[in-house]
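Today I'm looking up charged side-chain contacts first, then strand pairing.

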Amino acid sequence: MLLELSEEHKEHLAFLPQVDSAVVAEFGRIAVEFLRRGTNPKIYEGAARKLNVSSDTVQHGVEGLTYLLTESSKLMISELDFQDSVFVLGFSEELNKLLLQLYLDNRKEIRTILSELAPSLPSYHNLEWRLDVQLASRSLRQQIKPAVTIKLHLNQNGDHNTRVLQTDPATLLHLVQQLEQALEEMKTNHCRRVVRNIKTTKK
Amino acid sequence: MEASSEPPLDAKSEVTNQLVDFQWKLGMAVSSDTCRSLKYPYVAVMLKVADHSGQVKTKCFEMTIPQFQNFYRQFKEIAAVIETV
């Protein structure tokens, strides 16, 4: 699969052949560092002064390189596809090799960073329950009111969370019915077809 | 002379939160996921507390009967001390 580079992107990358390969390698290092820790605009100004160009040019060059690396890593394109995609830029053989090396060296780490961008909901860890009978309260004495107290243990991004909930038995039965209905859905033809398709494509 | 626009310093509301409501109930746990047959009485308390900005927070906690008796004893002591002040 080839990367399609927009005209604006190609313009930004056109700065790279105008500098030494050592500078491009440094831009690559800055790009990955920015992916790890966030951007730092002061770096652009320092580099711009040393290279005698505007800081916008440096920023576009680094951003263009970052986007090239993240898109390639995101799609996990092959070496050959990467080389072909970069070929259209008309760079020197040496620069093409450098860019390919940057991609291959950093691909795994970039993919790990990108995977952390997906939202993560809290997930089930454990459930404890207790059946209580309320005998009295501040407002009413001589009661017999059953209730179920639940402690739900959740995991989110490695943190442990607990929520204590309370409900009456009728609502709990309704909750159980709803969950059973959701499980029943798995047995419908529609769901079966979808699951079969996922199983066959996930080789 | 103009009155000061700042409200008078209220010693308790600047420093501590205000108790807005105190609800309690007495319950008995009869069964749980770890023990199917229980006879465990407890007191559950629900406090409503307002901070100095007016925001109300609810705090719930439970006590066993011996814990509650200790809790009650504290308040008896506080009441006794107030009498002597």
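Before the entries, a note on exposure labels: buried means under 20% relative accessible area, exposed means over 50%, and partly exposed is in between (1.4 Å probe, protein chains only). This is a predicted model, so I keep in mind that local features need pLDDT of at least 70, that side-chain atom pairs count only at pLDDT 80 or more, and that totals for chains, interfaces and linings use all residues. Residues are numbered from 1 along each chain as its sequence is written, chains are lettered from A and ligands numbered from 1 in the order in which they are written, and side-chain values use heavy atoms, with hydrogens and water left out.

**Salt bridges**

I took a salt bridge as a side-chain nitrogen of Lys or Arg within 4 Å of a carboxyl oxygen of Asp or Glu. Searching the whole structure over all chains, I got 10 of them.

I looked at helix α1 of chain A (residues 7-13); helices here are DSSP runs of H or I with at least four residues, strands are runs of E with at least two, and both are numbered from the N terminus. Lys10(A) pairs with Glu7(A), closest N and O 3.5 Å apart. The two sit three residues apart in that helix, so about one helical turn separates them. Glu7(A) is exposed at 56%, while Lys10(A) is partly exposed at 27%.

Next I checked helix α2 of chain A (residues 21-37), where Glu26(A) and Arg29(A) are also three residues apart, about one helical turn. Their salt bridge comes out at 2.8 Å, N to O. I get 35% for Glu26(A), partly exposed, and 48% for Arg29(A), partly exposed too.

Which parts does the pair Glu109(A) and Arg36(A) tie together? I found their closest N and O atoms 2.4 Å apart. Glu109(A) lies in helix α6 (residues 93-115) and Arg36(A) in helix α2, both of chain A, so the pair ties together parts 73 residues apart in sequence. Both ends are partly exposed, Glu109(A) at 30% and Arg36(A) at 40%. I also noted that this pair belongs to a salt-bridge network with Glu33(A) and Arg37(A).

**Strands**

I counted two strands as paired if DSSP finds at least two bridges between them. Strand β1 of chain A (residues 123-137) runs antiparallel to β1 of chain B (residues 18-32), with seven bridges joining them. One of the partners I looked up: Leu131(A) goes with Ser31(B).

Within chain B, β1 is joined to β2 (residues 40-50) by 11 bridges, again antiparallel. There, I have Asp21(B) bridged to Lys48(B).
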